[in-house]
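Visitor: I'm new here, and I'd like to know where the labels come from. Could you walk me through them?

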Amino acid sequence: MGRDGARQVAAEMADAARNWIDSLSADQRTIAVGAGPSDDATDEERRRWFYTPTDHGGLTSHQQRPAQQQLAMKLVASGLSEAGFTTVASVIGLENVLDRVEGFGSRMGRERGRDPGLYYLRVFGEPGGAAPWGWRFGGHHVSLNNLVVDGELAATTPCFIGTNPATAPLLGGQLRLLGATEDIARELVRSLDDALAARAVLLPRAPSDIVGGNRSRIGDGDELIPLTGIWRGTFADPGERDRLQASSDALAAASRYTRDDHEVIALTATPKGVPAADLDAGQRELLQALLSTYLGRVPAGASPLHRYTEADELDGVHFAWAGSTVPGEPHYYRLQAPRLLVEYDNTQNDANHAHAVWRDPVADFGLDVLTAHRTAHH
């Protein structure tokens with residue numbers, strides 16, 4: 001990201017965060033504001049993130065007046081492009097659709113199981129101050145994590161967007177919030193000749209979820225986390241805990257993954273799949289377009305997308321696939337480079353439930369920048 005753009009976005013974030021915090025009561029602030037970012041154990045809560053409908057930590061929309069909700073969404077919008085904000089806002093709205101699909105029932109010990117009011121916002125540190133600060137916004141299928149250091153937006157990952165349902169009927173058409181994110185990747189894998197496809201397609205079956213899960217840090221050899229592990233704490237109600245475990249077991253069984261399969265699909269420091277250096281011009285254009293559906297989530301001034309217009313940077317991006325290449329069937333793909341990890345899966349609910357995450361394996365949550373800041377100032 002360019003320094004001028006990173007500074008402008010950070011200034012807009014600081015204004016929006018201050019305005020939101022100033023609107024809150026003292027009791028609300030105790031929930032809405034957390035300890036400032038650091039690279040030590042005091043920063044553990046900021047680095048906890050989820051994409052399940054669990055407690056993400058922070059002040060929910062339900063706990064705010066309408067005017068406060070609007071100020072909160074202004075802060076969220078400051079960290080997203082127009083398209084990114086539209087997508088995130090639509091994901092929140094899909095909770096109503098999912099509620100209908102599931103019969104408008106109560107779940108997970110809540111009066112309303114699928115609830116667009118259960119999205120959480122928390123600011124860490126003092127916005128616009130001399131010390132590092134950041135904010136996190138999350139709820140079911142959304143996790144946005146931003147860090148500002150020395151007046152510049154230093155980190156925007158992990159950045160997770162999911163959608164359930166992935167495809168829903170509209171009058172005269174269909175709603176597919178992550179449609180391009182899926183379609184471009186499928187076009188790319190189907191364009192590969194037999195030799196390249198043999199290298200790119202890791203397995204004929206897809207894993208049941210993104211492999212990195214909600215880990216704070218990505219490590220060599222990381223394997224799939226069961227659904228029960230992507231939750232804050234445990235359910236007080238044993239029945240809810242048992243239902244979650246049953247769902248987790250069913251997902252694992254449906255994938256039909258063996259121990260060997262999990263090892264094949266595991267994350268590794270050396271990327272798996274086919275590098276862009278081995279792709280032709282048309283395939284490289286598809287790869288760049290696919291990258292834009294992730295790196296274009298944030299404002300242009302804060303996005304590293306321009307980096308991949310350089311041939312040598314794009315050359316190092318590897319593309320890997322698992323599962324079917326037939327639309328409507330379970331599948332998974334991964335993009336990986338030294339400062340990039342993208343994962344996408346659409347496997348659950350008969351391949352109508354998608355997850356798409358963008359991460360920086362080296363510097364999620366800006367830990368590298370925080371370490372450099374501490375070294376320079378202490």
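**Where the labels come from**

Guide: Let's start with Gly 57, which is found in the loop between strand 1 (33–34) and strand 2 (59–60). Helices (H or I, at least four residues) and strands (E, at least two) are DSSP runs, numbered from the N terminus. This is a predicted model, where local features need pLDDT of at least 70, side-chain atom pairs count only at pLDDT 80 or more, and totals for chains, interfaces and linings use all residues. Residues are numbered from 1 along each chain as its sequence is written, and side-chain values use heavy atoms, leaving out hydrogens and water.

Visitor: Why is Gly 57 called buried?

Guide: Buried means under 20% relative accessible area, exposed over 50%, partly exposed in between (1.4 Å probe, protein chains only). Gly 57 has 5%, so it counts as buried.

Visitor: What is Gly 57 in contact with, leaving aside its neighbours within four places in sequence?

Guide: Contact means heavy atoms within 4.5 Å. On that basis, Gly 57 is in contact with Glu 45, Tyr 120, Arg 122, Arg 136 and Arg 232.

Visitor: What makes strand 7 mostly covered?

Guide: Five of the five residues in strand 7 (residues 159–163) are buried. Cys 159, Ile 161 and Thr 163 point one way, Phe 160 and Gly 162 the other.

Visitor: How do you know that strand 7 and strand 15 pair?

Guide: Two strands pair if DSSP finds at least two bridges between them. Strand 7 and strand 15 (residues 354–359) have five, in the antiparallel sense, and Gly 162 stands opposite His 355 there.
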